2 protein chains.
Amino acid sequence: MSAFLGLYIHSFRIHTIAHSPITTMSHSYTEENYIKAIYKLSANGTQEVNTNAIAEVLETKAASVTDMLRKLSAKDIVNYVKYKGVSLTEQGERVALQIIRKHRLWETFLVEKLKFNWDEVHEVADEMEHISSTLLTNRLDEFLGFPKFDPHGDPIPSETGEMKQIKQRLLSDMEVNDAGVVVGVNDSQPLFLQYLDKMGIALGSKIKIIDKIPYDNSLEINLEDNKKLLISSEVSKNIFLSA
Amino acid sequence: MSAFLGLYIHSFRIHTIAHSPITTMSHSYTEENYIKAIYKLSANGTQEVNTNAIAEVLETKAASVTDMLRKLSAKDIVNYVKYKGVSLTEQGERVALQIIRKHRLWETFLVEKLKFNWDEVHEVADEMEHISSTLLTNRLDEFLGFPKFDPHGDPIPSETGEMKQIKQRLLSDMEVNDAGVVVGVNDSQPLFLQYLDKMGIALGSKIKIIDKIPYDNSLEINLEDNKKLLISSEVSKNIFLSA
DNA sequence: CAGTGAATTTAGATTCACCTAAAAATAAAA
DNA sequence: TTTTATTTTTAGGTGAATCTAAATTCACTG
């Protein structure tokens with residue numbers, strides 16, 4: 001209100017600067033899930049995200065997605081052009097990063113403090129990520145010692161949305177005699193993580209590629225204790241090693 | 001199942017035994033809030049809870065409450081007779097105790113681990129109490145060392161719904177020269193708790209009644225360091241001392 | 001015990017997130 | 001470039017939780 005005054009008193013001009021709105025709008029549980037889904041789908045591949053893809057990950061129908069995209073568009077969370085797909089706006093991306101921050105901090109809490117296994121945390125964190133208090137989020141972050149990566153090796157966004165990005169490459173992209181340390185997984189489904197547990201592969205495991213079978217692209221690898229393992233192509237596409 | 005076989009096998013009768021359902025039905029966020037509200041309202045005063053009271057604590061309208069009571073009645077969570085009020089069924093009480101268990105464990109976590117003040121935890125815990133995982137709840141309980149009381153002195157129900165009940169009486173019911181230790185508060189509103197903070201009254205504080213002013217029932221008390229305080233009747237009705 | 005006032009319930013709408021089925025737009029193939 | 005297939009959107013409707021306004025029941029008081 002009073003900010004406009006200055007506009008007309010030319011020597012006492014007060015400049016109203018356009019800034020990101022302080023009114024951090026809150027979003028419904030459902031909206032947050034859509035925002036997260038769109039973020040994740042646009043993370044790999046920078047193009048627009050299409051309706052069916054969102055419907056699939058959220059286990060809903062395309063028509064429902066269209067409804068929500070209209071709504072999120074009106075709230076300036078997504079850039080939405082009919083039939084052309086969506087992308088997050090800057091504001092939308094900020095919101096997404098906060099949700100992911102909470103998700104990954106809670107996952108870290110569950111594993112580090114409550115002794116959950118890394119395959120047990122995803123579902124629970126999917127609920128916890130919607131707890132709204134930012135004081136809580138920041139205190140949790142502090143309590144955990146400001147971790148930079150979650151139990152699956154995924155980076156945890158800071159309060160301002162920044163993430164440590166580490167150089168990593170897929171095990172499937174490596175050559176014979178290459179070696180590295182497991183720093184992340186590309187799939188957090190319980191069945192995959194349980195398989196890794198059984199094989200003795202965890203974050204921090206040292207791996208060396210012994211042989212590559214051209215027929216099916218499976219790999220023969222060595223773990224630190226010289227344990228030899230055969231890894232299918234499918235599996236090797238979901239393990240990140242330090243570059 | 002198989003244990004029952006022998007009982008009826010000789011006549012070939014298969015007897016369906018009514019037992020508490022193993023299918024622990026899940027309840028919506030909203031339903032849980034109603035269940036908690038009814039529990040709290042029936043805790044003080046064992047009579048039936050009336051519609052308007054529920055509407056008031058949930059900040060909703062009586063008509064909405066009626067709708068929900070019908071629904072909860074159909075689910076056998078409440079005993080509801082039109083125009084006569086409600087009470088929780090046994091099953092409803094079990095559900096209520098699990099919600100309260102989660103609420104109080106989270107409050108304890110926030111204060112003990114995340115350095116929240118006791119006046120900051122209620123609202124956050126109101127969100128966290130709806131996280132469904134019982135594994136989480138039990139691991140949290142363990143992590144906190146199986147606490148029996150929350151930061152306001154309220155008892156935390158065990159996994160089976162049992163609570164330690166300690167003998168306590170209201171400060172307002174005590175006489176001159178009586179003394180005791182603060183073991184709980186009857187009101188967890190931030191403003192009240194902040195007032196206690198300012199006065200230096202916390203759980204564990206030793207209090208002795210020095211004088212009682214008949215005119216307004218206010219009290220003159222001594223804290224452990226011989227600090228004298230004047231406490232209004234209103235305030236003294238919300239502080240529990242060990243009996 | 002009838003009559004009034006308060007509490008409660010019903011009736012009818014609204015909003016959110018979802019659905020199915022049909023129409024429209026886009027993309028791929030002939 | 002038509003035709004066909006796929007994707008996406010519209011249209012219309014459902015259930016959950018809410019609301020307002022009107023009707024009903026209860027409880028008290030004269």
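Modeller: Let us begin at the DNA. Helix H4 of chain B, H4(B), gives the most to the surface near DNA strand D, with 5 residues. The model is a predicted one, in which local features need pLDDT of at least 70 and side-chain atom pairs count only at pLDDT 80 or more, while totals for chains, interfaces and linings use all residues. Residues are numbered from 1 along each chain as its sequence is written, chains are lettered from A and ligands numbered from 1 in the order in which they are written, and side-chain values use heavy atoms, with hydrogens and water left out.

Biologist: How is the surface near DNA strand D divided by class?

Modeller: Ala, Val, Leu, Ile, Met, Phe, Trp, Tyr, Cys and Pro count as nonpolar, Asp, Glu, Lys and Arg as charged, and the others, Gly among them, as polar. The surface near DNA strand D has 8 nonpolar, 8 polar and 5 charged residues.

Biologist: Which part of DNA strand D faces the protein, and which polar contacts are found there?

Modeller: A polar contact is a pair of N or O atoms within 3.5 Å; within protein, one must be able to donate a hydrogen and the other to accept it, and residues adjacent in sequence count only if both atoms are side-chain atoms. Of the atoms of DNA strand D within 4 Å of the protein, 79% belong to sugar or phosphate and the rest to bases.

Biologist: How many residues surround DNA strand C?

Modeller: There are 21, the closest being A:Ser28, A:Ser64, A:Lys71, B:Tyr80 and B:Lys82. Sugar or phosphate accounts for 80% of the atoms of DNA strand C within 4 Å of the protein. A polar side-chain atom of A:Ser28 is 2.7 Å from a phosphate oxygen of DNA strand C, and for a polar side-chain atom of A:Tyr34 the distance to a phosphate oxygen is 3.2 Å. Helix H4 of chain A, H4(A), gives the most to the surface near DNA strand C, with 5 residues.

Biologist: How does one describe the meeting of chains A and B?

Modeller: The size of an interface is often given as the accessible area lost when the parts come together. Buried area is the accessible area (1.4 Å probe) that two parts lose on being put together, summed over both. Here, chain B and chain A bury about 1700 Å² between them, 74% of it on carbon and sulfur atoms. In chain B, the residues that lose the most area to chain A are B:Leu114, B:Glu127 and B:Arg139, together 29% of what that side buries. The contact, meaning heavy atoms within 4.5 Å, takes 20 residues from each of chain B and chain A.

Biologist: What is a nonpolar core, and how many residues has the largest one?

Modeller: In soluble globular proteins, nonpolar side chains tend to be buried together. A nonpolar core is a set of buried Ala, Val, Leu, Ile, Met, Phe, Trp, Tyr and Cys residues joined through side-chain atoms within 4.5 Å. The largest here has 30 residues, and those with the most contacts inside it are A:Trp106, A:Phe109, A:Leu136, B:Trp106, B:Phe109 and B:Leu136. Two or more residues are given to this core by helix H5 (90–112), helix H6 (121–128) and helix H7 (134–143) of chain A, together with those of chain B. Among the residues that B:Trp106 touches, beyond four places in sequence, are A:Trp106, A:Phe109 and A:Met128.

Biologist: Is A:Lys36 buried or exposed?

Modeller: Buried means under 20% relative accessible area, exposed over 50%, and partly exposed in between (1.4 Å probe, protein chains only). A:Lys36 counts as buried because its relative accessibility is 10%. A:Lys36 is found in helix H2 of chain A, and the residues it touches include A:Ile99, A:His103 and A:Asp126.

Conventions. Helix = DSSP H or I, 4+ residues; strand = E, 2+ residues; numbered from the N terminus. Near = heavy atom within 4 Å.
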